[in-house]
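Trainee: Before we start, please show me the chain and tell me how to read it.

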Amino acid sequence: MKPKYYITTPIYYVNGAPHIGHAYTTIACDVMARFKRLDGFDVFFLTGTDEHGQKVEQAAAAAGMSPQAFTDGTSDLFKAMTQRVGISNDDFIRTTEERHKLACAELWKRLVDRGEIYLGGYEGWYAVRDEAFYDEDELTTRPDGTRVAPSGAPVEWVVEPSYFFRLSAWQERLLAFYDAHPDFIAPNSRRNEVTSFVKSGLRDLSVSRTSFKWGIPVPGDPAHVMYVWMDALTNYITAAGFPDEGSAKWAFWPADLHMVGKDILRFHAVYWPAFLMAAGIAPPKRVFAHGWWTVAGEKMSKSLGNVLDPQELSDSYGLDSLRYFLLREVPFGNDGTFSRKALISRLNVELANDLGNLAQRSLSLIARNCEGRLPDQGARTEDDAEILAAAAALLPAVRTQMERQGFGDALEEIWRVIRAANAYIDRQAPWALRKTDVVRMADVLRVLADVIRSVATLLQPVMPEKTAAMLDQLGVPADGRDFAALATPLPAGTVLPPPAGVFPRFVEEAE
RNA sequence: GGCGGCGUAGCUCAGCGGUAGAGCAGGAGAAUCAUAAUCUCUUGGUCGGUGGUUCAAAUCCGCCCGCCGCUACCA
């Protein structure tokens with residue numbers, strides 16, 4: 001029985017088209033999911049779209065469409081993006097699906113039954129233009145006496161009936177939970193922010209709206225729709241089969257990892273575990289908040305015209321190269337600055353020169369001097385043993401990094417071995433041994449093949465297509481590419497296909 | 001304002017009490033199997049400033065300067 005691993009992307013809000021930020025989150029999850037599958041886990045990888053709420057209702061109206069038709073269209077855009085960036089998700093959930101409405105209604109009823117939700121009134125300064133409530137101290141008073149929001153939008157005092165979740169009652173239990181599960185929120189700096197937020201005091205949370213209709217109706221009170229976040233967060237248990245807690249799917253809950261952008265950390269790290277604990281359901285094991293990509297120091301925005309299109313980048317530089325760059329360039333969790341120059345540099349130096357060229361020079365020597373057959377493992381020198389040991393130590397080292405979503409560090413571990421292998425081939429100079437000691441030459445080439453095999457196997461989660469080509473050239477059978485297979489030596493004598501460059505250098509076209 | 005973080009080689013960052021490190025970029029040499037790729041050596045920093053603790057401080061403490069994050073109900 002394989003251990004289970006459940007990972008989720010956020011469900012993406014469908015009021016706009018997907019951009020590099022969505023692709024980034026999804027790719028990171030995909031790498032994690034692929035890693036776990038190769039490491040022997042039964043993985044359930046979920047992504048999807050969040051389709052309710054006032055903004056969608058308005059965007060649909062502006063487009064002259066029904067909310068459902070509008071949301072069908074944008075959801076498809078996300079589905080297409082998911083496919084184009086090579087995502088291996090097992091399910092794609094939409095919050096407008098029937099299974100999700102059932103799950104939300106059930107969760108709501110449980111919270112009501114347990115006394116965690118009550119009917120009250122929500123009042124405050126509301127700006128129609130911003131569709132947002134503001135605190136008194138956020139407002140400024142104009143000379144004519146009217147109050148305006150920070151955005152300049154006029155506000156009015158409104159009161160509306162609303163259901164509330166007793167979040168205030170969960171403050172201490174949340175803090176106790178964070179304390180008992182120090183890895184629940186990552187990175188550390190984010191955990192500190194969340195705990196200090198919770199310590200500052202929690203107010204009950206308004207969890208229903210009467211100001212618009214496009215949402216999941218509150219059971220027993222159809223004048224209200226559920227607060228969009230309560231609806232959205234619930235997707236994670238919907239996809240795991242909730243409320244059918246006897247289903248096979250439910251064995252995946254609690255989720256092992258919710259990957260989120262830092263902007264939605266609070267919803268996942270505060271509200272979500274509180275909702276679940278209040279309903280008597282286990283909270284997820286971990287929430288990781290990653291950072292943003294900026295361009296030339298500025299956040300991407302449509303108005304600045306600097307929005308990065310994952311499709312264009314993938315077309316220009318290759319999907320695997322893009323995946324590699326996104327995870328390599330910046331410590332996961334930090335913000336990063338995107339530049340084509342940096343991408344090209346990583347692509348040429350690390351992928352083409354370090355790794356691609358290592359494979360090409362090694363495989364060419366085998367093709368030319370070993371009749372194109374994989375040599376046998378021979379007597380090992382100290383130098384051989386050292387590089388092989390470094391390659392063998394990679395799996396546990398990379399696993400440790402992946403457990404903490406240290407993608408960049410995991411890749412650095414792998415590149416240390418790649419650089420060491422380039423130094424090794426130069427030291428051993430198999431091209432010189434060809435003339436003096438062909439047996440030793442074959443031994444050296446086998447060591448290199450084994451090292452490249454380890455490296456390519458471990459890089460599969462990040463660059464599935466490129467590494468597949470590399471493993472093909474090493475004669476690794478398609479069903480022998482998981483991490484456990486590394487323990488089994490490749491059979492000597494395997495006829496290898498003619499080597500072909502896997503990572504071509506990127507040459508800028510002359511202007 | 002409050003809480004938290006950061007400021008180390010040209011660039012991106014690691015180190016977090018005991019003779020300043022890595023990768024990239026720059027310089028010199030070697031090799032010629034390979035995608036003009038690779039390897040070796042090397043230039044380069046008074047570790048933001050300033051006081052203090054210590055036999056010893058990027059590393060601990062105080063203050064100052066500069067950046068950044070969080071400080072709830074659009075998602």
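**Reading chain A**

Mentor: Buried residues (under 20% relative accessible area, with a 1.4 Å probe and protein chains only) make up 54% of the 511 residues in chain A. This is a predicted model, in which local features need pLDDT of at least 70, side-chain atom pairs count only at pLDDT 80 or more, and totals for chains, interfaces and linings use all residues. Residues are numbered from 1 along each chain as its sequence is written, chains are lettered from A and ligands numbered from 1 in the order in which they are written, and side-chain values use heavy atoms, with hydrogens and water left out.

Trainee: How many helices and strands are there in chain A?

Mentor: Helices (H or I, at least four residues) and strands (E, at least two) are DSSP runs, numbered from the N terminus. Chain A has 18 helices and 18 strands.

Trainee: In what order do the six strands of the open sheet run?

Mentor: Two strands pair if DSSP finds at least two bridges between them. Here the order is β3-β2-β1-β14-β15-β9, with parallel pairing. The edge strands, β3 (91-94) and β9 (185-186), each pair on one side only. Inside the sheet, β14 (residues 257-261) and β15 (residues 287-290) are joined by four bridges; V260 has A289 in β15 as its bridge partner.

Trainee: Which strands does helix α1 lie across?

Mentor: Axes are lines fitted to C-alpha atoms, for helices over the stretch in contact (heavy atoms within 4.5 Å); angles run from 0 to 180 degrees between N-to-C directions. Helix α1 (residues 20-38) lies across β1 (4-13), β2 (42-50), β14 and β15, at about 170 degrees to β1.

How values were computed: Buried means under 20% relative accessible area, exposed over 50%, partly exposed in between (1.4 Å probe, protein chains only).
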